[in-house]
Amino acid sequence: SINPRYQFIDRPIRETFTVVVWGVMTDRKSPVETVQVFQRAFPRDKYPHCRLRIKTKLNIFGDPGRRSMKFDDPRIEIYDGIWQVEDMIGFLYDADCAMILPRGEGFGMPAREAIATGLPTILSNNSGHIEVCDPRYNWPIRTARTEWSTMGGEWWLPDWDQAVDILRWVHDNRSASLVKARAGAEWFEREWGQAAVGRKIVEALGEVSRELGQG
């Protein structure tokens with residue numbers, strides 16, 4: 001489960017449209033591609049009110065051999081450092097959309113945190129995200145193909161074209177997106193909140209006890 005302090009908030013429709021992503025932004029998290037998707041969806045001359053905020057740690061931003069944390073686009077803001085939970089929650093509450101497009105995930109904590117707060121969430125439909133990808137409540141991005149990972153093995157390459165289209169749709173349909181995200185927060189609480197996780201643990205322990213008893 002996630003920190004229960006990530007709670008739903010009723011977001012207004014703001015003049016500035018802020019897209020966020022956070023984590024240790026290695027190549028696996030697709031930081032360079034996320035910037036490209038944002039800029040394709042929102043050309044600078046037509047969408048000056050859109051911005052992308054990226055939170056990373058340890059000064060990591062993609063492959064060290066080609067990374068750059070500076071872009072010739074003032075709408076893109078990159079933050080580095082260790083933040084307290086209060087800072088992260090404020091970061092999410094000030095946002096209008098989360099776009100989380102990793103090539104592979106573990107538990108997928110950022111996406112779960114975003115969904116829990118009612119933030120419209122675009123997420124790659126692979127690995128640790130699969131459990132919470134549901135087009136009724138969020139915006140899953142299909143896998144275009146697999147590719148060899150620089151970390152070893154294969155990972156999943158999101159469909160960047162679909163991500164561009166979905167990001168622009170969320171922007172153009174703000175009211176509908178927020179209604180869907182609110183339903184997503186309620187669904188997440190039912191399925192993945194503290195009470196739900198506790199219930200699943202009890203059920204799992206009961207199953208183990210029955211199996212041991214039969215043995």
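This is a predicted model: local features need pLDDT of at least 70, side-chain atom pairs count only at pLDDT 80 or more; totals for chains, interfaces and linings use all residues.
Residues are numbered from 1 along each chain as its sequence is written, and side-chain values use heavy atoms, with hydrogens and water left out.

**The overall picture**

- The protein chain has 6 helices and 8 strands; these are DSSP runs numbered from the N terminus, with helices being H or I over at least four residues and strands being E over at least two.
- Starting at the N terminus, the order of elements is β-α-β-β-α-β-α-β-β-β-β-α-α-α.
- Of the 215 residues in the protein chain, 49% are buried. Here buried means under 20% relative accessible area, exposed means over 50%, and partly exposed is in between, with a 1.4 Å probe and protein chains only.
- Take the contacts (heavy atoms within 4.5 Å) between residues at least 6 apart in sequence: 68% of them join residues at least 24 apart.

**Helix 1 and its cover**

- Helix 1 (residues 31-41) is mostly covered, with 8 of its 11 residues buried.
- Those buried residues are Pro31, Val32, Glu33, Thr34, Val35, Val37, Phe38 and Ala41.
- Their cover includes strand 1 (17-22), strand 2 (50-56), strand 3 (76-80), strand 4 (97-100) and helix 4.

**Aromatic rings**

- The whole structure holds 9 aromatic pairs. Rings of Phe, Tyr and Trp (its six-membered ring) pair if their centres lie within 6.5 Å; planes under 30 degrees apart are stacked, over 60 edge-to-face, and the rest tilted.
- One of the pairs is Phe38 with Phe42, which is edge-to-face at 5.5 Å centre to centre and 75° between the planes.
- Phe42 and Tyr47 make a tilted pair, because their ring centres are 5.1 Å apart and their planes sit at 50°.
- Phe42 is buried, at a relative accessible area of 0%, and Tyr47 also counts as buried, at 16%.
- Put together, Phe17, Phe38, Phe42 and Tyr47 form one aromatic cluster.

- The buried ones are Pro110, Ala111, Arg112, Glu113, Ala114, Ile115 and Ala116, and they pack against strand 1, helix 2, strand 4, strand 5 (121-124) and helix 5.
- Just past the end of helix 3, Gly118 takes a positive phi of about 80°.

- Axes are lines fitted to C-alpha atoms, for helices over the stretch in contact, and angles run from 0 to 180 degrees between N-to-C directions.
- The residues of the contact of helix 3 with helix 5 split into 5 nonpolar, 1 polar and 1 charged. Ala, Val, Leu, Ile, Met, Phe, Trp, Tyr, Cys and Pro count as nonpolar, Asp, Glu, Lys and Arg as charged, and the others, Gly among them, as polar.
- Helix 4 and helix 5 pack at about 100° with axes 5 Å apart, and are therefore roughly perpendicular to each other.
- Trp169, Val170, His171 and Asp172 of helix 4 touch Arg174, Ala176 and Ser177 of helix 5 in that contact.

**Two residues to look up**

- Gln162 lies in helix 4 (residues 160-172) and counts as buried at 15% relative accessibility.
- Leaving out residues up to four places away in sequence, Gln162 touches Pro140, Ile141 and Arg142.
- Val85 belongs to helix 2 (residues 85-93) and is partly exposed, with a relative accessible area of 25%.
- Val85 and Arg5 are 80 residues apart in sequence but 8.4 Å apart in space, C-alpha to C-alpha.

Terms used
Angles under 35 degrees count as roughly parallel, over 145 as roughly antiparallel, 65 to 115 as roughly perpendicular and the rest as oblique.
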